[in-house]
Each structure stands twice: as C-alpha cells, then as structure tokens.
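Welcome! Please take a moment to look over the sequence and the 3D view, and then let us walk through them together.

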Amino acid sequence: MQHPAAPPIRKYPRAPFHDYNCGLYFITVCTKSREHHFGEITDATMHLTDIGRVLQDNLEAISTHYPDVQIPLYVVMPNHFHAIIAVTETAATETAPSETAVGSLTRSPQAPYATIIWGGRGAL
C-alpha cells in the first residue's frame with residue numbers, strides 16, 4: 001500500500017514588511033505544470049499567444065468589470081504573470097455573483113480579492 005505524498009510545504013505568502021491594509025497587492029499566477037500557454041520570448045520580446053492576449057485584455061479591462069479595482073502594472077510571461085492590484089476599501093465588501101456571468105470577470109461590481117483573482121481564471 002502506497003501512502004499519499006505529503007503536501008508541499010509552502011512559504012507564508014505575505015511579505016512581513018508590507019501593510020496589506022493599504023489596498024495594494026502584488027500577485028503572481030503560474031500556469032499548471034509551468035507550461036508556456038501565454039506566449040514565448042524571442043529576441044528579448046514577449047510574443048503572446050491567443051490565450052496570452054485574452055489574459056492581457058482582461059488585465060487591462062479589470063476596471064470596467066470591477067470599478068473599485070485597478071491594475072496599474074502587470075507583466076505577462078510565457079508561463080505566469082505578475083500584477084499589482086489596487087483595491088479601494090469598498091471593493092473588499094463581499095457581494096454575490098451575478099446570475100449571468102458566473103466564472104467570468106464580470107461577476108460583481110464590488111468583488112472581494114479572491115473573486116477578482118479566481119474569476120479571472122474562469123475567463124481564460
């Protein structure tokens with residue numbers, strides 16, 4: 001009988017020097033198995049795939065779906081992306097998703113942080 005593998009030991013995800021009450025969050029989201037789904041880098045230039053362009057479009061349009069959220073800086077890499085998410089206080093209020101847009105970036109005009117991040121995954 002094989003025993004299941006122990007779950008990986010993860011670092012505490014929050015930087016001890018940052019005040020997370022200010023509404024600025026730095027996130028990194030990686031693709032499964034670190035596969036290059038978003039594009040490739042050639043000659044020091046990132047060339048986005050179709051799904052990479054969808055990701056970029058959604059990052060740039062976040063404020064149209066969540067008025068209290070902005071992404072002032074982001075970078076899309078072949079197998080991950082980094083983004084700074086700026087959230088105003090009212091966006092932290094939990095609200096229910098709309099019936100018509102579950103799984104997309106248009107879930108709620110004032111969404112909590114997890115909904116913003118994980119809702120974006122559904123759009124890809």
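## A buried histidine

His-80 counts as buried, because its relative accessibility is 16% and buried means under 20% relative accessible area, exposed over 50%, and partly exposed in between (1.4 Å probe, protein chains only). This residue is found in strand β5, which covers residues 80-87. Helices (H or I, at least four residues) and strands (E, at least two) are DSSP runs, numbered from the N terminus.

What does the side chain of His-80 make a polar contact with? Its partner is the side chain of His-82, at 3.1 Å. A polar contact here is a pair of N or O atoms within 3.5 Å; within protein, one must be able to donate a hydrogen and the other to accept it, and residues adjacent in sequence count only if both atoms are side-chain atoms. Leaving aside neighbours within four places in sequence, His-80 is also in contact (heavy atoms within 4.5 Å) with Thr-28, Val-29, Cys-30, Phe-38 and Val-75.

Residues are numbered from 1 along each chain as its sequence is written, and side-chain values use heavy atoms, with hydrogens and water left out.

The predictor's confidence in each residue, from 0 to 100, is called pLDDT. Its mean over the protein chain is 78, and 69% of the residues reach 70 or more. Over residues 94-111 pLDDT stays under 50, and the model has 45 contacts beyond four places in sequence for this stretch. Where pLDDT is low, the predicted coordinates should not be read in detail.

## The overall layout

The protein chain has three helices and five strands. Starting at the N terminus, the order of elements is β-β-β-α-α-β-β-α. Of the 124 residues in the chain, 29% are buried. Among contacts between residues at least 6 apart in sequence, 47% join residues at least 24 apart.

## The nonpolar core

A nonpolar core is a set of buried Ala, Val, Leu, Ile, Met, Phe, Trp, Tyr and Cys residues joined through side-chain atoms within 4.5 Å. The largest one has 16 residues, and Phe-81 and Ile-85 touch the most other members. Two or more residues come from each of β1, α1 (50-60), β4 (69-76) and β5. The element that gives the most to this core is β5, with four residues.

Which residues does Phe-81 touch, not counting those up to four places away in sequence? They are Ile-27, Thr-28, Val-29, Phe-38, Leu-55, Leu-59, Val-75 and Val-76.

## The loop between β1 and β2

Thr-31 sits in the loop between β1 (24-30) and β2 (39-42). Is Thr-31 buried or exposed? Thr-31 is buried, with a relative accessible area of 11%. Its side chain reaches the backbone oxygen of Glu-35 at 2.7 Å. Apart from neighbours within four places in sequence, Thr-31 is in contact with His-37, Phe-38 and Asn-79.

Lys-32 lies in the loop between β1 and β2 too, but this residue counts as exposed, at 72% relative accessibility. The C-alpha atoms of Lys-32 and Asn-79 are separated by 8.4 Å, although the two are 47 residues apart along the chain.

## Cysteines

The structure holds zero disulfides, a disulfide being a pair of cysteine sulfur atoms within 2.5 Å. Cys-22 is partly exposed, with a relative accessible area of 45%. Cys-30 counts as partly exposed at 35% relative accessibility.

Key. This is a predicted model: local features need pLDDT of at least 70, side-chain atom pairs count only at pLDDT 80 or more; totals for chains, interfaces and linings use all residues.
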